[in-house]
Structures are given as C-alpha cells and as structure tokens.
Amino acid sequence: MAAVDSFQLLYREIARSCNCYVETLALVGACYTASRAVIFMRDCCSLIRLHFIPRLVYRRDLRQRYGEWAVICGASGAIAKAYAAELARHGVCVILISSDVNNVADTVRSITDTYGVETILIEADFCQGPSACKALKDAMLVGATLVTRLVLPTMVERGKGAVVNISNGRCFRPAIGRVALSASTAFLNNFSRALHYEYGHRGIFVQSLLPFRVASQAPEDYATAGWFVPSPQVYASHALSTLGISHRTTGYWPHTIQFRLVQCLPEWVWMLGTRVLTRAT
C-alpha cells in the first residue's frame, strides 16, 4: 500500500513539474498551427485573386496598356502558338520568330484569317549568334513591345511594355537526365526576375511563366488533355489573364496547386522520384 501511495505521490510531483513544459509546447503547437492556417488562407486568396478574378471581372485593353505589337520568340512551340493566337484575339498584332517557318506558316494564316490582325513571320536561328538579329532589326516596327531585348530600348522610351518568358514549373529543382534543360529554365526564371527589378520602375512589366505539363498539338497527346494537363489554347488563355498581375506564376491554377505541392517535397524525395521516372522511360 505504501508503494502505491509513493507512486501516486511521485506521479503528482512529476506532473506538477512538467505542467509548465506541456503548456509551453501546447502554445508553440497552437502558434505553428495558426501560422500554417494563415499561410494556407493567404495562398487561397492569392489563387483566387490571380487566376479567377481577372477572368471573371477584368476586361483589359492590352493594346493600350502594352502596345500594338507582340514579338513571339520560339514560335514553333505549342504554347507559343497558342499564346500568339490569344494575343491576336485581344487585337494585338504579332511577329512570330522561328527557325522552322514551315512549322509556323499554318499558325500565321490561321491568326490572320480568324482575328484579322497583322502577322509577320521571321525565320531566325539564334544558334547563329549576332548574325540572326539582322532580319529582326529590319522587320521590327516602332510599336513592338514584347519579349526580345531588341525592342527593350523602345519600351523604355515609351514607358510601357511587357516581357513574358516561359520557363518551367520544375526550374527550382534539379532534374536527373535533363541537366541542361533544368539549368536553362532556372536561368530563364532568374533572368526574368532580375529584369523585372531592373526595368519594372520604367513601366515595363516582366513576367516569368512556370507551367507544368501542357498537351502538345500532336493528336495522340492532345487527346490526353485534361484538368492538370491543359491544351495549349486553354493554358494560353489562363496565362494571358495573369499578365500585369503577377511577375512570377504558373499561369494556370491547377499548375499552381502542383507547384505548391512540389515545393513541400524534400529534395531527396524529389530526386528519388526523378530517378524512378528516368528509369521507367
């Protein structure tokens, strides 16, 4: 009986001495939970403000805000073609630059016939270095406002314009088997951010788009387009609605969810996943 009394007494003493620590841990846990809840609510509000409100409320005049012309580099890509068509739908004339003009010729005809805007196609291979720029300089109009550094001085002089660089949602993580691609997309993202800080105060809006997978124009891939893998046209429509609102975004709200989930993964888990996918392919 004495042993039982002694145990109860010991338990009461231990509980009394640990009570302050328990209260401290409970307070820390409550603060952490509250902070995560605030971050979650902030992300939800940001998601709504960036991806939903502009598409439901705003109807912006891109020609008046950024200029009458847009320059699309790498125009043979599926996203670039869709982005050019979306700009044309808003009445913006486009200059398409590609090393493979045959691949873009149908897009040029489609944009001209559908939206009635002026469209210029230029063949240029940037692998040739400075010599590729001559054709661009000869074809550039005074109102060209987007993308290339060739028209950046004009944008500065006019005090308005936009530069949109398409990187990749995985640019902040290394990729096994795609070292050059991983490094180049990271460079493009950081280049855009630096350009924003350098020219943002001069009225030039610089945006870095970080999409995840987008379906290509190939019939076998286009058929798999869905919620998380949108068609180029759907992605371009969503991405263009974020222009002027966010300097760094995926451009498409399901991709933003993917981006946040990937950010939460430890790097070793990410690398393990890339190794498995690399072996599978």
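Q: Which residue of S2 stands opposite Ala 70?
A: Strands and helices are DSSP runs numbered from the N terminus, helices being H or I with at least four residues and strands E with at least two, and two strands pair if DSSP finds at least two bridges between them. Here Ala 70 stands opposite Val 94 in S2, and the chain crosses from S1 through H4 to S2 in a right-handed β-α-β crossover; right-handed is the word used if, with the strands pointing away from the viewer, the path from the first strand over the helix to the second runs clockwise. This is a predicted model, in which local features need pLDDT of at least 70 and side-chain atom pairs count only at pLDDT 80 or more, while totals for chains, interfaces and linings use all residues. Residues are numbered from 1 along each chain as its sequence is written, and side-chain values use heavy atoms, with hydrogens and water left out.

Q: In what order do the strands of the sheet with S1 lie, and which are the edge strands?
A: Three strands form this open sheet in the order S1-S2-S3, with parallel pairing. Its edge strands, each pairing on one side only, are S1 (69-73) and S3 (119-123). Five parallel bridges join S1 to S2 (residues 93-98), and Val 71 stands opposite Ile 95 in S2.

Q: Which helices lie on this sheet, and how do they run?
A: Angles run from 0 to 180 degrees between N-to-C directions, the axes being lines fitted to C-alpha atoms, for helices over the stretch in contact, where contact means heavy atoms within 4.5 Å. Helix H4 (residues 78-89) lies across S1 and S2 and runs at about 175° to S1. Helix H5 (residues 101-115) packs on the sheet, where H5 touches S2 and S3, and the direction of H5 makes about 175° with that of S3.

Q: Why is S1 described as largely enclosed by the rest of the structure?
A: Buried means under 20% relative accessible area, exposed means over 50%, and partly exposed lies in between (1.4 Å probe, protein chains only). Four of the five residues of S1 are buried, so S1 is largely enclosed by the rest of the structure.

Q: What does the largest nonpolar core contain?
A: A nonpolar core is a set of buried Ala, Val, Leu, Ile, Met, Phe, Trp, Tyr and Cys residues joined through side-chain atoms within 4.5 Å. The largest one has 37 residues, and Leu 62, Ile 72 and Tyr 83 are among those with the most contacts inside it. H4 gives the most to this core, with seven residues. A second, separate core has eight residues, including Val 151 and Met 155.

Q: How many aromatic pairs are there, and how is one read?
A: Rings of Phe, Tyr and Trp (its six-membered ring) pair if their centres lie within 6.5 Å; planes under 30 degrees apart count as stacked, over 60 as edge-to-face and the rest as tilted. The structure holds four aromatic pairs. In one of them, Trp 227 and Phe 228 are edge-to-face, 4.6 Å centre to centre with 70° between the planes. Trp 227 and Trp 253 have ring centres 5.2 Å apart and planes at 70°, so this pair is edge-to-face. Trp 227 lies in the loop between helix H9 (219-222) and helix H10 (232-241), and Trp 253 in helix H11 (residues 253-264), so the pair ties together parts that are 26 residues apart in sequence.
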